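Visitor: I have a structure open and would like to learn how to read its packing features. Can we go through them one by one?

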Amino acid sequence: MATTTATGGEVLVATLQAAGVDRVFCVPGESFLAALDALYDAPGIQVVTCRHESGAGLMAIADARLTGRPGVCFVSRGPGAGNATLAIHVAQQDAVPMLFFIGQVERPNLGRGAFQEVDYVKTYADMAKWVVEVQDPARLSDVVARAWHEALAGTPGPVVISLPEDMLEERIKRAVLQPAAPRSIAPAAGDMARLAALLAKAQRPLLLAGGGCESRPARAALLAVSEAWDLPVAATNKRQTIFPNDHGNWVGHIGYLVPPTLRDVLAKADLVIALGTRLGDVSTQRYQFPRAPEPAQPLVHVYPDSRVVGRNHRPVLGIVADAEPTLRALAALPPAGGAARAGWIAELGAARDRLAHYEPRKTQDGIDFGHVALALNRQLAPDAIVTLDAGNFVSWIHGFVRFQPTQDMLGAVGGAMGLAVPAAVAASLRCPQRQVVALVGDGGMLMTGYELATAMQTGAAPKIFVANNGSYGVIRTHQEGHYPGRPIATALCNPDFAAMARSFGATGLTIATADQAESVVAEALSTPGAVVVDVHTSLERINAYRSLADFRPK
């Protein structure tokens, strides 16, 4: 430990430096000026100025996903914190390690209802892993070090640190601590022996792999285990890049809009190994596969948080461990039972292949977004980063783009709109040598698309494709199913997104007809700098599997 005499803001920044932080995202505010001033003297930390606190938080989430370290976001008190709530919720839902630093009123005014005062402990108690208000600057480095650990340990997630303005300005003599990263949790040898025995006996096993398998070493171990044990692999919602999608053992993406034909085949499994996933409602098809609380098949649940294993599903074997060491331990055991699984793998492969081919439909109200998805499938770089917003258009991406473990997918598992553009900006800053492609609907684009200004200011170069069908399409499908013929509040009046992009200084392109898709996608991907492509998509052809008419009761 090194000692320093400094303001609270300087101690805070020094602690972040000790943790290896090299980038923070913020909308500046007067409530944390002392921390901003300390960042002025920290050239090793890039301060990314954002245009809205939700955008800043979502950028930090994307940065955390790519680095494996907590993302760092600074916002001001009251309205700034309120705007950042979207990102705090996404971090909790998606299990992303995050540190949110929020400026607070001066300590003498706490509890008086002062200007923009909020009790953050109350506000974020059910969203954040830990919420703390630092009263004593002598404790600030301790708190930040603990927050770093808390954000990463067990189920990763957000930590909120409230910083009274005068506390950051007070001078102290205090040691700067280097945060300790949590240790990886290895499985017990006895548990691995039981898992191997269950797997050897199973004729129709399935490995359901989640976010815990996202690291590059975990992806390599997952592939090795799948091949050694002849084990089919499916990915949970928006984790499609953890396994090669052209591999014979690949089953598919288990998220929204899984076709019934695939669900019916999956139900034949006689063992489900859920690895690195909390088994939420989307990846379990509303707790039907695996069924909760009593699964129809024997379930092995592997996750590094004892509060998660057994919470919603009763497994025959629960293992509190990280995915990567579990995979390495399984790879070290002699595989058995593979020969009996050839028929099962073939049946899963046939179901997968029936869904893999897509012929875009002719539509009268815009193009089938499948044209863009198929063009991207042919043209994405081997190491591309794809960021996804929420919306029906993702059904084409999940269904017909064949991803590889050398690529990355950043999407909000919790279903929040607005992630794609900020995430793409952050990804381009973190990996400037890689192709970064954002896919966003017209609704999501006008939630956080203004972060295109941040891209232009920082030199980020995302390629943004806007699925523009003039509607909040997901809600429209629900309306058609529950209240047919009575759509309300879902129609959108949109700008010319290509012209909007040009007004920011980016390149703006348009895809208005099917025959433009291939060439415009190629132009967008090869054009230097930030690009926005306005894709005039069909509302009637709402997703890859159904039209609006299909949602109406017959």
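Visitor: Which residues do ring pairs link into a cluster?
Guide: This is a predicted model. In it, ring pairs join Phe32, Phe74 and Phe101 into a cluster.

Visitor: How many aromatic pairs does the structure hold?
Guide: The count is 8 aromatic pairs. One of them is formed by Tyr120 and Tyr124, and it is stacked. The centres are 6.2 Å apart, with 5° between the planes.

Visitor: Is Tyr120 buried or exposed? And Tyr124, buried or exposed?
Guide: The cut-off for buried is under 20% relative accessible area. Tyr120 has 2% relative accessibility, so it counts as buried. Tyr124 has 1%, so it is buried too.

Visitor: Why is the pair of Phe369 and Phe393 edge-to-face?
Guide: Look at the angle between the planes. Over 60 degrees counts as edge-to-face. The planes of Phe369 and Phe393 stand at 70°, so this pair is edge-to-face, with ring centres 6.1 Å apart.

Visitor: Where in the chain do Phe369 and Phe393 lie?
Guide: Phe369 is in the loop between α12 (342-356) and α13 (370-379). Phe393 is in the loop between β15 (385-388) and α14 (394-400). They are 24 residues apart, and the pair links distant parts of the chain. Both Phe369 and Phe393 are buried.

Visitor: Which residue lies over the face of Trp130?
Guide: Arg146 does, at 3.8 Å from the ring centre. Another case is Arg546, which lies over the face of Phe551 at 3.9 Å from the ring centre.

Visitor: What describes two packed helices?
Guide: Two values: the angle between their axes and the distance between those axes. Here, helix α1 (residues 8-18) packs with helix α6 (residues 140-152) at about 35°, the axes being 9 Å apart. The crossing of α1 past α6 is right-handed.

Visitor: Which residues make that contact?
Guide: From α1 come Gly8, Val11, Leu12, Thr15 and Leu16. From α6 come Leu140, Ser141, Val144 and Ala145. By class, this contact of α1 with α6 has 6 nonpolar residues, 3 polar and no charged ones.

Visitor: Now a loop residue. Where does Val316 lie?
Guide: Val316 sits in the loop between β13 (299-303) and β14 (317-320). Its relative accessible area is 44%, so Val316 is partly exposed.

Visitor: Which residues is Val316 in contact with, leaving aside neighbours within four places in sequence?
Guide: Arg194, Leu198, Pro298, Leu299 and Val300. Take Val300: Val316 and Val300 are 16 residues apart in sequence, yet 6.0 Å apart in space, C-alpha to C-alpha.

Key. Residues are numbered from 1 along each chain as its sequence is written. This is a predicted model: local features need pLDDT of at least 70, side-chain atom pairs count only at pLDDT 80 or more; totals for chains, interfaces and linings use all residues. Side-chain values use heavy atoms; hydrogens and water are left out. Axes are lines fitted to C-alpha atoms, for helices over the stretch in contact, and angles run from 0 to 180 degrees between N-to-C directions. Helices (H or I, at least four residues) and strands (E, at least two) are DSSP runs, numbered from the N terminus. A crossing is left-handed if the near helix is turned anticlockwise from the far one by less than a right angle, and right-handed if clockwise. Contact means heavy atoms within 4.5 Å. Ala, Val, Leu, Ile, Met, Phe, Trp, Tyr, Cys and Pro count as nonpolar, Asp, Glu, Lys and Arg as charged, and the others, Gly among them, as polar. Rings of Phe, Tyr and Trp (its six-membered ring) pair if their centres lie within 6.5 Å; planes under 30 degrees apart count as stacked, over 60 as edge-to-face and the rest as tilted. Buried means under 20% relative accessible area, exposed over 50%, partly exposed in between (1.4 Å probe, protein chains only). A charge sits over a ring if NZ of Lys or CZ of Arg is within 6 Å of the ring centre and within 35 degrees of the ring normal.
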